[in-house]
Amino acid sequence: MTGDASSGIPSAGSDFGGVPETFEAVATHDDLLAWSAAYCERAVETFDFDVDLSRVEWEVSTRAKRRAAAVKRPQISGVTVGEPKSWADGIPTCTVSLTWAAFEAFDETEWTATLRHELVHVEQFQRFGTTNHGPRFKQRAESVDAPIRVRRFADPAYVLSCGDCGGVVARRYRDCKLVRRHDEYLSSCCSASLTLAERE
């Protein structure tokens with residue numbers, strides 16, 4: 001693949017190195033960045049995203065435990081999704097952070113859908129100065145065949161369930177007050193005590 005400074009996508013031998021030919025060939029963080037950035041370039045054209053990829057930076061996270069990816073962006077006051085933002089000094093840079101463990105847990109179809117989800121966030125940010133998962137996001141995500149919410153790739157450490165009907169009341173990924181004192185709470189479905197299951 002070729003690229004240039006204005007595309008925001010690495011060319012072979014640039015910041016990330018060469019782009020792996022297949023998803024299965026991704027073996028390193030640089031491979032993941034290059035492959036994902038190259039896919040996003042194609043997705044912008046295929047799905048007609050109004051995104052300036054030259055204003056997008058890329059990183060891999062090995063610390064994230066639940067989110068598969070995220071768009072890190074500056075917080076701008078007085079902006080609302082739905083009200084276009086005029087950028088007097090140009091569109092600020094945002095960063096797409098990709099979680100390595102999620103990449104390892106997802107197949108190519110789920111990973112590319114996740115990337116399209118993040119592109120909707122980038123599109124909203126570049127247009128409105130902010131982003132959320134509201135009605136506009138839902139409509140746009142559906143139009144590009146992206147999930148509204150990306151599946152959490154890690155199993156929760158604790159699952160709290162209703163003692164009567166067995167319905168899941170809460171999932172927690174770390175110890176917290178609800179986990180430690182679950183016997184003091186009642187389920188909203190049956191007003192029953194909670195049971196706690198811990199992942200081994």
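A residue is called buried when its relative accessible area is under 20%. By that criterion, 42% of the 200 residues in the chain are buried. The model shown in these views is predicted.

**Figure 1. Overview of the chain.** The predicted chain holds 5 helices and 6 strands. Read from the N terminus, the elements follow the order α-β-β-β-α-α-α-β-β-α-β. Along the principal axes, the C-alpha atoms occupy a box of roughly 60 × 40 × 25 Å. Of the contacts between residues at least 6 apart in sequence, 63% connect residues at least 24 apart.

**Figure 2. The annotated stretch, residues 42–146.** An unreviewed UniProt entry annotates residues 42–146 as "domain: SprT-like".

**Figure 3. The mixed sheet β1-β3-β2.** This open sheet has 3 strands in the order β1-β3-β2, and their pairing is mixed. Strands β1 (56–61) and β2 are the edge strands; each has a single partner strand, so one side of each lacks a neighbour in the sheet. Ignoring direction, neighbouring strands are turned by 20° against each other on average. Strands β1 and β3 run parallel and are joined by 6 bridges. Across from threonine 95 in β3 stands glutamate 57.

**Figure 4. Surroundings of threonine 95.** Threonine 95 belongs to strand β3. Its relative accessible area is 14%; this is under 20%, so threonine 95 counts as buried. Leaving aside residues up to four places away in sequence, threonine 95 touches Glu57, Trp58, Glu59, Ala70, Val71 and Lys72. Among these contacts is Glu57, the residue that stands opposite threonine 95.

Figure 5. The whole structure contains 8 aromatic pairs. In one of them, the ring centres of tryptophan 35 and tyrosine 39 are 6.0 Å apart and the ring planes meet at 10°, so the pair is stacked. Stacking requires planes under 30 degrees apart. Both residues sit in helix α1 (residues 29–46), separated by 4 residues, or about one turn of the helix. Tryptophan 35 has 5% relative accessibility and is therefore buried. Tyrosine 39, with 12% relative accessibility, is buried as well. Tryptophan 35 and tyrosine 39 also belong to one aromatic cluster, made up of Phe23, Trp35, Tyr39, Trp100, Phe103, Phe106 and Trp111.

Figure 6. Tryptophan 87 and phenylalanine 125 form an aromatic pair with 5.8 Å between ring centres and 50° between planes, an arrangement classed as tilted. The pair connects distant parts of the chain, its members being 38 residues apart. Tryptophan 87 is in the loop between β2 (69–72) and β3 (94–99), whereas phenylalanine 125 is in helix α3 (residues 108–128). Tryptophan 87 and phenylalanine 125 are both buried.

**Figure 7. Charged side chains over aromatic rings.** Two examples are shown. Lysine 85 is placed over the face of tryptophan 87, at 5.5 Å from the ring centre. The ring of tryptophan 87 also takes part in the tilted pair with phenylalanine 125. In the second example, arginine 140 is placed over the face of phenylalanine 49, at 4.9 Å from the ring centre.

**Figure 8. The antiparallel sheet β5-β4-β6.** This open sheet has 3 strands in the order β5-β4-β6, paired in the antiparallel sense. Strands β5 (168–172) and β6 (194–198) form the edges; each has a single partner strand, so one side of each has no neighbour in the sheet. From one strand to the next, the twist averages 20°. Strand β4 (residues 158–162) pairs with β5 over 4 bridges. Serine 161 has valine 168, in β5, as its bridge partner.

Note on methods:
Residues are numbered from 1 along each chain as its sequence is written. This is a predicted model: local features need pLDDT of at least 70, side-chain atom pairs count only at pLDDT 80 or more; totals for chains, interfaces and linings use all residues. Side-chain values use heavy atoms; hydrogens and water are left out. UniProt positions are given in the numbering used here, feature names are shortened, and annotations may be inferred rather than shown by experiment. Rings of Phe, Tyr and Trp (its six-membered ring) pair if their centres lie within 6.5 Å; planes under 30 degrees apart count as stacked, over 60 as edge-to-face and the rest as tilted. Helices (H or I, at least four residues) and strands (E, at least two) are DSSP runs, numbered from the N terminus. Buried means under 20% relative accessible area, exposed over 50%, partly exposed in between (1.4 Å probe, protein chains only). A charge sits over a ring if NZ of Lys or CZ of Arg is within 6 Å of the ring centre and within 35 degrees of the ring normal. Two strands pair if DSSP finds at least two bridges between them. Axes are lines fitted to C-alpha atoms, for helices over the stretch in contact, and angles run from 0 to 180 degrees between N-to-C directions. Contact means heavy atoms within 4.5 Å.
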